[in-house]
Amino acid sequence: PEKLKLKLNGKEHTVPIRKGETVLAATLRAGLPAAYSCESGVCATCTAKLKEGRVRMEHHDALEEQDIKRKNILTCQAVQLTREAFVDFDAL
């Protein structure tokens, strides 16, 4: 099973993530209070930094090209492509 490591509010957590599930959905399913709003990739409320692993984002209108180069992701759109990933909600 895939694992998602994340840092949120100063604490690190490891949660299971289902194939095709977004980082945000897995985080919320684990009962962690990640910030989000629109869930469609246009508001940037759910932005976090990808520290390890790879993700694919269907929509990322709220991010500029330089944000993507800095490995900023919209967690509502980010689907994990690797067995493990580490996402830092606190890094921004």
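Is Glu21 buried or exposed? Glu21 is buried, with a relative accessible area of 11%. Buried means under 20% relative accessible area, exposed means over 50%, and partly exposed lies in between (1.4 Å probe, protein chains only). The model is predicted: local features need pLDDT of at least 70, side-chain atom pairs count only at pLDDT 80 or more, and totals for chains, interfaces and linings use all residues. Residues are numbered from 1 along each chain as its sequence is written, and side-chain values use heavy atoms, with hydrogens and water left out.

Stay with Glu21. This residue lies in the loop between strand 2 and helix 1. Residues up to four places away in sequence aside, Glu21 touches Pro16, Ala26, Arg29, Ala78, Val79 and Gln80. Contact here means heavy atoms within 4.5 Å. Ala78 is 57 residues from Glu21 in sequence, yet their C-alpha atoms are 8.3 Å apart.

Now the whole chain. It has 2 helices and 7 strands. Their order along the sequence is β-β-α-β-β-α-β-β-β. The radius of gyration is 12 Å, close to the 12 Å that the globule rule gives for 92 residues, so the chain is as compact as a globular protein of that length. That radius is taken over C-alpha atoms, and the rule is 2.2 Å times the number of residues to the power 0.38. Helices (H or I, at least four residues) and strands (E, at least two) are DSSP runs, numbered from the N terminus. Along its principal axes the C-alpha trace spans about 30 × 25 × 20 Å.

Of the 92 residues, 40% count as buried. Among contacts with a separation of 6 or more, 54% join residues 24 or more positions apart. The chain exposes about 5,300 Å², and carbon and sulfur atoms supply 46% of that area. Accessible areas come from the Shrake-Rupley method with a 1.4 Å probe; for residues, only the protein chains shown count as cover.

Next, the loops. Asn9 sits in the loop between strand 1 (2-8) and strand 2 (11-17). Its phi is near 55 degrees, a positive value in a residue other than glycine. Most residues other than glycine have a negative phi. Asn9 is exposed, at 57% relative accessibility. Pro33 is in contact with Asn9 and Leu8, leaving aside neighbours within four places in sequence. Pro33 itself belongs to the loop between helix 1 and strand 3. At 58% relative accessibility, Pro33 is exposed too. Leu8 and Pro33 are 25 residues apart in sequence and 8.2 Å apart in space, C-alpha to C-alpha.

Ala44 is found in the loop between helix 1 (23-29) and strand 3 (47-52). Its phi is also positive, near 75 degrees. Ala44 counts as partly exposed, at 28% relative accessibility.

What about the cysteines? A search of the whole structure finds 0 disulfides. Cys43 is in none; its nearest cysteine sulfur, that of Cys38, is 3.6 Å away. A disulfide is counted when a pair of cysteine sulfur atoms lies within 2.5 Å. Cys76 is buried, with a relative accessible area of 7%. Cys43 is partly exposed, at 33% relative accessibility.
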